[in-house]
Structure formats: C-alpha cells, structure tokens
Amino acid sequence: MNIAIVGAGGAVGREIIKVLEGGALPVDNLRLFGSARSAGSTIGFDGRDIEVELLSHDSDFSGVDYALVSAGGSVSLEYAPVITAFGTVMIDNSSAFRMDPDVPLVVPEINGADALEAPRNIIANPNCTTIQMVVALNPINQLSPIRRVHVATYQAASGAGALAMDELVDQHAALAAGREPHVERFAHQLAYNVIPHIDVFTDNGYTREEMKMHLETKKIMHAPGIEVSATCVRVPVMRAHSEAIWVETEHELPLDEVRAALASAPGVVLVDNPDTLDYPMPLGAAGTDPVYVGRLRRDISGPGIAFWAVSDQLRKGAALNAVQIAAYLASARR
C-alpha cells in the first residue's frame with residue numbers, strides 16, 4: 001500500500017508516522033510532503049530516513065492509495081485537486097470539508113461505511129473533541145436515542161499544535177525564573193490558567209470549536225435530532241483532552257446497562273472505580289489510543305447520565321482516526 005502524509009513535519013503528521021510504525025496499516029511505500037520550511041529535511045520511518053517533498057501544484061500523487069493530510073484548512077482547500085487528481089483518497093484532518101454534503105465525516109467505530117461513498121475522493125476527519133465524545137456517546141445512543149448533550153471540554157495544549165506545546169513549557173519556565181511569559185499561540189497566558197475560549201467566537205456567542213461539536217455530532221451519528229451544547233476550555237495540560245459530558249436519552253436507562261455498553265464498546269476503555277480513586281486522567285491517557293470513560297453516574301438534577309471522558313488528542317483525536325479510516329477502506333476493498 002502506498003501512503004502519503006501531507007504536513008509530515010507537524011505534530012499530527014509526526015503522530016501519524018508513529019501510528020503507521022505501530023503496524024496499524026501495511027505500508028509498502030511512504031511519501032512525506034511539507035511546506036518550504038520542512039522540505040528537504042528527513043524523518044525516520046521503519047528504520048530508514050525519508051526526505052520530505054515540497055508540496056506544490058506540480059506534486060504527483062499518482063500511485064498513492066491514501067493521502068493523510070494535516071496541514072491546515074487553507075492548504076487542504078488549495079491542494080485537494082492536486083492530491084485527488086489520479087484517484088488518491090484524501091483523508092483530511094482540517095475543518096475544510098467536514099460539513100460538505102458530498103464529503104463523509106467518519107469515525108470508523110460509528111459510521112465507517114460512510115467512507116465508502118466519497119464521490120470527490122475526500123473523507124473528512126472530525127474535530128478532536130467531537131471524535132472522543134461520539135465514541136463514548138455511540139453505545140449509549142444504541143440503547144436509547146440521545147436527545148441532548150451538554151459538554152464542557154478541558155483541552156490540552158496539543159490541540160493547538162507543537163508550537164503551542166512548546167509555548168506552555170516556556171511559559172512555566174519563564175514564570176519559575178521570575179520572567180514575564182511570552183504569549184503568542186493562545187489568547188492569554190495558559191500556564192497556571194484556564195482559557196474558556198478556543199477558536200473564534202460566532203454570532204450566537206459560541207466559539208467555532210463549540211459549533212463543530214454541535215454540527216459534526218449530528219452528521220457522524222446520522223442523528224439530526226441530537227442537540228449538543230458545548231463549552232470548550234483550554235487547560236495547562238500538555239496532551240490529551242478531557243470532557244465532562246451529560247446525556248439525556250429518549251428512555252431512561254439503567255446505569256448498569258450503560259456501564260455494560262460502554263465496557264464492551266469498540267475504542268472505549270471503562271475506568272470507573274471511585275472507591276479506589278480510579279478514573280481517567282490526561283496524564284495516563286497521553287500517548288495511548290482509547291477513549292477512557294469514568295465517573296459514570298445518574299444525574300441527580302433530572303433525567304440523564306453524566307460521565308467523564310479522556311483521550312489523546314493527537315492519537316484518536318487526529319492521527320489514529322485518520323489511519324483507521326484508511327485501514328477500514330483498505331479492508332472493505334479487498
């Protein structure tokens with residue numbers, strides 16, 4: 001299988017390489033593409049160094065089966081015709097195509113079959129916060145259709161990229177040395193702080209990150225009636241996002257049934273032993289693949305289930321999900 005990674009030098013691109021090295025997808029030939037800044041450099045893969053090619057309008061993707069693209073929305077929009085010209089399937093990690101009606105938005109555990117209908121040879125990878133939430137929601141939705149979801153996210157610096165992670169480290173170092181911290185990648189100082197603002201604000205008072213969760217959930221789960229209200233918050237954690245989720249279903253569900261459904265759901269690991277202080281935390285989830293769910297309880301204020309979910313934004317929230325889409329397609333087409 002011939003694979004290309006566009007944006008290979010970024011945090012997600014490098015994480016895709018790690019996922020591929022783990023054997024998630026058989027790779028016969030790997031090509032790496034990047035901007036002028038990274039072109040010409042080499043990145044190790046499977047014991048060899050691969051040179052990063054400059055992405056241009058003359059780039060030839062013929063013979064490439066799947067291009068895993070994580071270079072930002074403007075790059076995806078500009079180069080999609082180049083990447084897909086010879087039949088390459090473009091699996092795009094940006095928000096550029098997610099809500100296009102002729103582009104499937106896919107989380108393989110939930111709607112993998114949607115990837116088989118991609119008339120433009122483009123498949124969208126959902127937003128990281130949406131991915132981990134719907135993986136946890138899906139087994140509950142199968143027990144009884146979900147009506148409403150309220151979610152507050154606690155998003156790590158990794159969601160803003162490698163330079164944002166570096167900035168968080170530098171801010172802590174500066175403050176420890178008594179210096180003024182440098183703020184560039186976030187709206188405010190993130191060290192020793194939380195910022196209730198991710199992406200730009202929209203006319204309804206929600207941020208675009210919050211509206212992604214609202215809209216993408218409906219499309220992925222084929223459930224236009226699900227209403228999602230999100231508050232997205234950046235926290236001073238290096239990687240792995242956390243979410244506090246409240247769910248109302250059409251029919252009241254026994255907690256034991258919900259627990260059993262989550263425990264057996266693909267992609268979910270139930271970590272829910274409050275007696276021993278055992279619950280998911282980003283420190284333990286970093287660098288791993290599952291969506292961890294815990295703090296499962298009935299809402300005491302009314303009908304509903306409340307729980308806590310944690311997942312690595314760079315793994316299941318981005319790189320792993322993209323590779324899983326390619327693996328699903330490869331398996332389905334054999």
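Ala, Val, Leu, Ile, Met, Phe, Trp, Tyr, Cys and Pro count here as nonpolar, Asp, Glu, Lys and Arg as charged, and the others, Gly among them, as polar. With that in hand, the lining of the largest cavity in this predicted model splits into 8 nonpolar residues, 3 polar and no charged. A search of the whole structure turns up 1 cavity of 30 Å³ or more, and the volume of the largest cavity comes out at about 40 Å³. At least two lining residues come from each of α1, β5 and α9, with α9 giving the most, at 3 residues.

Helix α1 (residues 11-21) is worth a look of its own. Of its 11 residues, 8 are buried, so the rest of the structure largely encloses it. Just past the end of α1, G23 adopts a positive phi of about 90 degrees.

Then there is the largest pocket, which holds about 1,400 Å³ of space. It is lined by 50 residues, and A71, G72, G159, A160 and G161 sit closest to its centre. The elements giving two or more residues to this lining are α1, α2 (73-84), α5, α6 (208-220) and α9. By type, the pocket lining comprises 19 nonpolar, 22 polar and 9 charged residues.

Methods: Residues numbered from 1 in each chain as written. Predicted model: local features only at pLDDT ≥ 70, side-chain atom pairs only at ≥ 80, totals over all residues. Heavy atoms only, no water. Buried < 20%, exposed > 50% of the residue type's maximum accessible area, 1.4 Å probe, protein only. Helix = DSSP H or I, 4+ residues; strand = E, 2+ residues; numbered from the N terminus. 1 Å grid on protein atoms, 1.4 Å probe; cavity = no way out; pocket = protein on both sides within 12 Å on 5 of 7 lines; lining within 4 Å. Points joined across faces, edges and corners; volume = space filled by probe spheres on them.
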